[in-house]
Amino acid sequence: MSRMDELYTELTRLLREAALLSSCGSVLSWDEQTYMPKLGSAHRAEQLGFLAGLAHERSTSPRIGELLSELERSGELGDADGDLAVNVREARRTYDRQTKLPRRLVEEISRTTTLSQQAWVAAREDSNFNDFLPWLDKMIGLKREEAQAVGFGDGVPYDALLDDYEPGMTAAEVHRVFSPLRDELVKLVAAIQHSSRRPHIEILSRHYPKTPQIVLAEGASKAIGFNFEAGRIDESAHPFCTGIGPGDCRLTTRYSDHHFNSAFFGVLHESGHGIYDQGLPVESFGLGIGQATSLGIHESQSRLWENFVGRSRSFWQYLFPTAQTAFPKALGDVSLDEFYFAINDVRPSLIRVEADEVTYNLHIMLRFEIEQQLVSGDLKPADVPGVWNEKVHKYFGLTVPNDSNGCLQDIHWSAGLLGYFPTYALGNMYAAQLFVAAGRDLGNLDEAFSRGHFKPLKGWLNEKIHRHGKRFRAKRLVEVVTGESLSHEPLIAHLRSKYSALYGL
Ligand code: CO
């Protein structure tokens, strides 16, 4: 074994051990949100805190730093896009980010997050922003400290936070694609508002018994390619996907007897995340090549299956007869086109998580604009409700009745997740670009969907996206796969053509 091989083998072992510890934490978190009895929460918090500490200690071990330096100095890492160079690059990135943060700051952020989330839950219940204000203020201060510690180019602290979720992305780049998208979306939403056509959305709140809902949703998940031998779907209050490790990916959803959309499209969405996790190279567990490249790309996979496939007419040409058999009372008198229109209802609303495919991105932009100003110091936390309500009026023409339905609706800021929101809308843009490229490579996708053939698309995503892990940063991945740079145009083209047909614009 060469010196170089020895160093790399040792590095790999240390990284895998740290990843194993984290993945034990993932099992415990999954259990906490699905089956754990209520009284277990204090002990679970201790277990998770202990494991997180161990994992942090492992992943910041000075030995990793030494190995990285030696490997980097060797000049033998080969092709910059090769597995070896990528794994070293990504290990360096994680190591630097974690070791640059002083322990005091990490602990302070962790403590504050727990308390601030509790304060947020109570403030949201009472719809009283002032109860949350001191915590928001404190959290912004801590995240600004974090940005300073991690460092950033161009004097934009927000970039350091965004970079944690979307490596290599900058606020300027997000702004470049968001601005034209926002202008186009506002126009499209207004045109839809003026249309006299309206779907019969009441058909989606008829009675949908739970058991056939489970059968239909799990059947669809399996059909698009989620592997139930390497994963499962359970129930939780807030749907999520967690890739525990090779061969084990957990999804959750929630069922409601009078809402067809939430469980079915929730399962498609989480299955998209799950198919990505299941497509990562098993042998690279714990290394860069074995990890998803960014949250935005992760979200592109979920949105692609949920919206571009699951909300297409061709998908329902395939599945609607099965749905009618599963729910004869609710759907017996409904036509395919009525159903297709209903699941694509567009209307401005106050709540992000309930928003449709068109208005959703506006919810994200509003949050991006506000959090960027909070981090830069241009906006005082106390002024958030006023600015929020103003923007909701400007983008949606709606009046916010109270902060619960306004700036207190999302958990993110209370949990210290600043810089996270843009990844949702970036995901929609990546999804649109990837979907166009897939269509170019694979031919008529609608025809395949209408016959229930999803393998070609799933295989294409495995090949182009999943198996690469972190080989390419999101921006470059899109360029490599589609031949074009990140743009708002494919998304707006998709929305315009689909909704013009539905609403007769
Ligand atoms: Co998602």
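Modeller: Let's begin at the hairpin of β2 and β3, where two residues lie between the strands and Gly-247 takes a positive phi near 80 degrees. Keep in mind as we go that this is a predicted model. Strand β2 covers residues 241-245 and strand β3 covers residues 248-253, and the two pair in the antiparallel sense over four bridges. To see one of the pairings, find Thr-242 and look across to β3, where its bridge partner is Arg-250.

Now follow the chain onward to helix α10, which spans residues 260-279. Here we can look at some aromatic rings. A pair of such rings is described by how far apart the centres are and by the angle between the planes. The model has 32 aromatic pairs counted in this way. One of them joins Phe-260 and Phe-264: the ring centres are 5.4 Å apart and the planes meet at 20 degrees, so this pair is stacked, since planes under 30 degrees apart count as stacked. Phe-260 and Phe-264 are four residues apart in α10, so about one helical turn separates them. Phe-260 has a relative accessible area of 1%, so it is buried, and Phe-264, at 3%, is buried too.

Phe-260 also pairs with Phe-339: their centres lie 5.6 Å apart with the planes at 75 degrees, so this pair is edge-to-face. Because Phe-339 belongs to helix α14 (residues 336-342) while Phe-260 belongs to α10, the pair ties together parts that are 79 residues apart in sequence. Both Phe-260 and Phe-339 are buried.

The cobalt ion is coordinated by the NE2 atoms of His-269 and His-273 and by OE of Glu-299, at 2.2 to 2.3 Å. Along the chain, these donors follow the spacing H-x3-H-x25-E. His-269 and His-273 are four residues apart in α10, so they too are separated by about one helical turn. His-269 is buried, with a relative accessible area of 11%, and His-273 also counts as buried at 11%.

Finally, here are two places where a charge sits over a ring. The charged end of Arg-311 is over the ring of Phe-265, 3.9 Å from the ring centre. Likewise, the charged end of Arg-303 sits over the ring of Tyr-360, at 4.3 Å from its centre.

Methods: Residues are numbered from 1 along each chain as its sequence is written. This is a predicted model: local features need pLDDT of at least 70, side-chain atom pairs count only at pLDDT 80 or more; totals for chains, interfaces and linings use all residues. Side-chain values use heavy atoms; hydrogens and water are left out. Donors are N, O and S atoms within 2.8 Å of the metal (3.2 Å for Na, K and Ca); water is not among the atoms, so sites may look incomplete. Buried means under 20% relative accessible area, exposed over 50%, partly exposed in between (1.4 Å probe, protein chains only). Rings of Phe, Tyr and Trp (its six-membered ring) pair if their centres lie within 6.5 Å; planes under 30 degrees apart count as stacked, over 60 as edge-to-face and the rest as tilted. A charge sits over a ring if NZ of Lys or CZ of Arg is within 6 Å of the ring centre and within 35 degrees of the ring normal. Two strands pair if DSSP finds at least two bridges between them.
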